[in-house]
Amino acid sequence: MSKKITVISLGGSVIVPDKPNTEAMRAFVELIQARIEEGERFVIVVGGGGVARVYQKALTELSVTDSVALDTIGVSATRLNAELVRIAFGGNAHLRVISNTEDISEWGDTPLIIASGEKPGNSTDYCAVRYAVLSGAQYVLNLSNTSQVYTADPRVDSDAKPLESIFWEEYLSLIPSEWKPGLSTPFDPVASRLAKENNIPVYIMDGREGLNTKNFLEGKKYIGTRIANRNEE
């Protein structure tokens with residue numbers, strides 16, 4: 001029997017909101033290590049977090065408006081964060097950060113791959129969906145500072161309500177249609193369309209809540225939102 005593969009899009013907001021959150025990182029490493037001991041395998045794609053936004057802000061203050069340049073500095077931030085996570089996992093992790101989704105072919109017997117962003121125009125959410133498609137994972141777990149998808153932006157609409165589940169077409173109608181560097185949505189539009197096309201469900205939850213993530217991975221009750229195609233319900 002093949003081992004269960006889980007792809008996690010780990011938002012930089014969880015581990016490096018403005019600087020490395022070693023407490024959150026330690027808890028996350030311990031949680032994943034425990035699942036690895038149960039025979040599971042993981043691909044963890046690490047986002048840029050506050051590091052990316054600080055550098056993107058610096059470029060805009062220097063009058064840089066080119067989206068490719070802003071995205072390039074963001075991708076570089078994901079690579080730095082991913083290296084931090086890879087080293088924190090020690091020997092369980094593949095010996096280098098993967099920055100090209102096609103390189104998953106070299107996975108081998110290592111139980112854990114740590115990946116970064118790939119190239120301008122693609123977020124780490126998009127990379128996570130690609131890894132799910134290429135590895136045969138059944139879903140993507142998105143861990144960020146967002147606990148659920150809401151009917152509207154709760155920061156501007158006090159009547160917004162959290163959702164336990166939503167279909168892809170409905171979710172896509174709630175968010176911008178294009179990806180931009182620094183875009184803040186529960187799951188980015190390009191990645192969402194790819195997940196929809198490939199029937200990959202995505203689970204949105206707050207990665208800073210370690211017990212909630214643990215409950216999800218153990219098949220217990222959790223707080224979050226499942227996004228999927230209608231035929232997957």
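**The sheet, from one end**

F167 stands opposite A228 in β9. Keep in mind that this is a predicted model. F167 belongs to β7, an edge strand covering 165–167. Strands β7 and β9 are joined by 3 bridges and pair in the parallel sense.

Now look at the other neighbour of β9. Strand β8 pairs with β9 too, in the antiparallel sense, over 3 bridges. Find V202: I227 in β9 stands opposite.

A general point here. Strands of a sheet pair through backbone hydrogen bonds, either parallel or antiparallel.

Stay on β9, residues 225–228. Which way do the residues of β9 point? T225 and I227 point one way, while R226 and A228 point the other way. All of them are buried.

**The whole sheet**

Zoom out. In what order do the 7 strands of the open sheet run? The order is β3-β2-β1-β4-β8-β9-β7, and the pairing is mixed. The edge strands are β3, residues 112–115, and β7, and each pairs on one side only. On average, neighbouring strands are turned by 20° against each other, direction ignored.

Move to β1, residues 5–10, and β2, residues 41–46. They run parallel, and 6 bridges join them. In that pairing, I5 stands opposite R41 in β2.

Helices cover this sheet. Helix α4 packs on the sheet and touches β2 and β3. The direction of α4 makes about 155° with that of β3. Helix α8, residues 210–217, lies across β1, β2, β4 and β8. Helix α8 runs at about 155° to β8.

Next, α2. Does the length of α2 agree with its residue count, or disagree? Helix α2 has 16 residues, so at 1.5 Å a residue α2 should span 22 Å. The end C-alpha atoms of α2 are 22 Å apart, which agrees. Several residues of α2 are buried, including M25, F28, V29 and L31. Just after α2, G39 takes a positive phi of about 95°.

**The rings**

Last topic. How many aromatic pairs does a search of the whole structure find? The search finds 8.

Take F28 and F89. This pair is edge-to-face, with 6.2 Å centre to centre and 80° between the planes. F28 lies in helix α2 and F89 in helix α4, so the pair ties together parts that are 61 residues apart in sequence. F28 and F89 are both buried.

Compare W168 and F187. That pair is tilted: 6.4 Å centre to centre, 45° between the planes. W168 is in helix α6, and F187 is in the loop between α6 and α7. These two residues are 19 apart, and the pair links distant parts of the chain. W168 is buried, with a relative accessible area of 0%. F187 is buried as well, with a relative accessible area of 0%.

There is also a cluster. Ring pairs link Y139, Y203, F216 and Y222.

Finally, back to R41, the residue opposite I5. What does the charged end of R41 sit over? The charged end sits over the ring of W107, 4.1 Å from the ring centre.

That is my tour. Thank you.

Definitions and conventions:
Residues numbered from 1 in each chain as written. Predicted model: local features only at pLDDT ≥ 70, side-chain atom pairs only at ≥ 80, totals over all residues. Heavy atoms only, no water. Phe/Tyr/Trp six-rings, centres within 6.5 Å; stacked < 30°, edge-to-face > 60°. Helix = DSSP H or I, 4+ residues; strand = E, 2+ residues; numbered from the N terminus. Buried < 20%, exposed > 50% of the residue type's maximum accessible area, 1.4 Å probe, protein only. Lys NZ or Arg CZ within 6 Å of the ring centre and 35° of its normal. Pairing = 2+ DSSP bridges. Axes fitted to C-alpha atoms, helices over the stretch in contact; angles between N-to-C directions. Contact = heavy atoms within 4.5 Å. Expected span 1.5 Å × (residues − 1).
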